[in-house]
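Please look over the model shown here. The report below goes through its fold, its core and its side-chain pairs.

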Amino acid sequence: MERPLGWTRNPLAEFDELISQMGGLLESTVGTPQGAGMAPWTPSADVTEADDAYYVEIELPGVKSKDIDVEVSGQDLIVTGEIKDRERKGVLRRNARRTGRFEYRVVLPSEVNTEGVKADMSGVLTVTVPKAEVAKPRHVEISERTE
């Protein structure tokens, strides 16, 4: 691939350099992202609403279900846990995966049935939170009056 005139090196290398410098500046200002292993991070998630329930899908590849805690209180769903750093052989050249404590919180828009909450783990944690009976949409029939 030819470089445009005036470019003497790969322009993407400059972005990598800039990102590295920004990360160093951030770490020197507020500390490391995990703050000595105490500050939790938030995994990626999707929340979907159906007529009868909310479905929360949280990306937690490689995490065992025993390392995850799911709690529902009122309209709040809180998922916490830890991704443990695994032992490696050889020299680690690049580490982009997150490890340590994580926490995902969401306030659901309507009342939920906390007793019916279910969670399933298969690389993606899927939490099914059924809506409370009062929160479910109800179809209302319209009657015709004759005067």
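Is Lys131 buried or exposed? Lys131 is buried, because its relative accessible area is 6%, and buried means under 20% relative accessible area, exposed over 50% and partly exposed in between (1.4 Å probe, protein chains only).

## Basis of the report

This is a predicted model: local features need pLDDT of at least 70, side-chain atom pairs count only at pLDDT 80 or more, and totals for chains, interfaces and linings use all residues. Residues are numbered from 1 along each chain as its sequence is written, and side-chain values use heavy atoms, with hydrogens and water left out.

## Fold

Helices (H or I, at least four residues) and strands (E, at least two) are DSSP runs, numbered from the N terminus. Along the sequence the pattern reads α-β-β-β-β-β-β-β.

Of the 147 residues in the protein, 21% are buried. The accessible surface comes to about 11,900 Å². Carbon and sulfur atoms hold 49% of that surface. Such areas come from the Shrake-Rupley method with a 1.4 Å probe; for residues, only the protein chains shown count as cover. Contact means heavy atoms within 4.5 Å. Among contacts between residues at least 6 apart in sequence, 53% join residues at least 24 apart.

## Nonpolar core

A nonpolar core is a set of buried Ala, Val, Leu, Ile, Met, Phe, Trp, Tyr and Cys residues joined through side-chain atoms within 4.5 Å. The largest one here has 19 residues. Ile58, Leu60, Ile68, Leu77, Val79, Phe102 and Leu125 touch the most other members. Strands β2, β3, β4, β5 and β7 each give two or more residues to this core.

Ile58 sits in strand β2. Ile58 is buried, as its relative accessible area is 0%. Leaving aside neighbours within four places in sequence, Ile58 is in contact with Pro43, Ser44, Ala45, Val79, Tyr104, Gly123, Val124 and Leu125. Ile58 and Val79 are 21 residues apart in sequence, and their C-alpha atoms are 9.1 Å apart in space. With neighbours within four places again left out, the contacts of Ile68 include Leu60, Val63, Val79, Phe102, Met121 and Leu125.

## Tyr104 and the aromatic pair

Tyr104 belongs to strand β5. At 11% relative accessible area, Tyr104 is buried. Not counting residues up to four places away in sequence, Tyr104 touches Thr42, Pro43, Ala45, Val47, Val56, Ile58, Leu77, Ile78 and Val79.

How many aromatic pairs does the structure hold? It holds one. Trp41 and Phe102 form this tilted pair, at 5.9 Å centre to centre and 55° between the planes. Rings of Phe, Tyr and Trp (its six-membered ring) pair if their centres lie within 6.5 Å; planes under 30 degrees apart count as stacked, over 60 as edge-to-face and the rest as tilted. Trp41 is in the loop between α1 and β1, and Phe102 is in strand β5, 61 residues apart. Both Trp41 and Phe102 are buried.

## Salt bridges

The structure holds three salt bridges. A salt bridge is a side-chain nitrogen of Lys or Arg within 4 Å of a carboxyl oxygen of Asp or Glu. Glu49 and Lys131 meet at 2.6 Å, N to O. Glu49 lies in strand β1 (residues 45–49) and Lys131 in the segment after β7 (124–130), so the pair ties together parts that are 82 residues apart in sequence. Glu49 is partly exposed at 49% relative accessibility, whereas Lys131 is buried.

Lys84 and Asp67 form a bridge of 3.6 Å, N to O. Lys84 is in the loop between β4 (76–83) and β5 (100–107), and Asp67 is in the loop between β2 (53–59) and β3 (68–73), 17 residues apart. Lys84 is exposed, with a relative accessible area of 51%. Glu103 and Arg105 meet at 3.2 Å, N to O. Glu103 is partly exposed at 27%, and Arg105 is exposed at 53%.

## Surface patch

Phe15, Leu18 and Met22 form a nonpolar surface patch, with about 330 Å² of accessible area together. Patches are made of residues with over 30% relative accessible area and no salt bridge: like charges are joined within 9 Å, nonpolar side chains (Val, Leu, Ile, Met, Phe, Trp, Tyr) within 5 Å. Met22 lies in helix α1 (residues 11–30). Met22 counts as exposed, at 53% relative accessibility.
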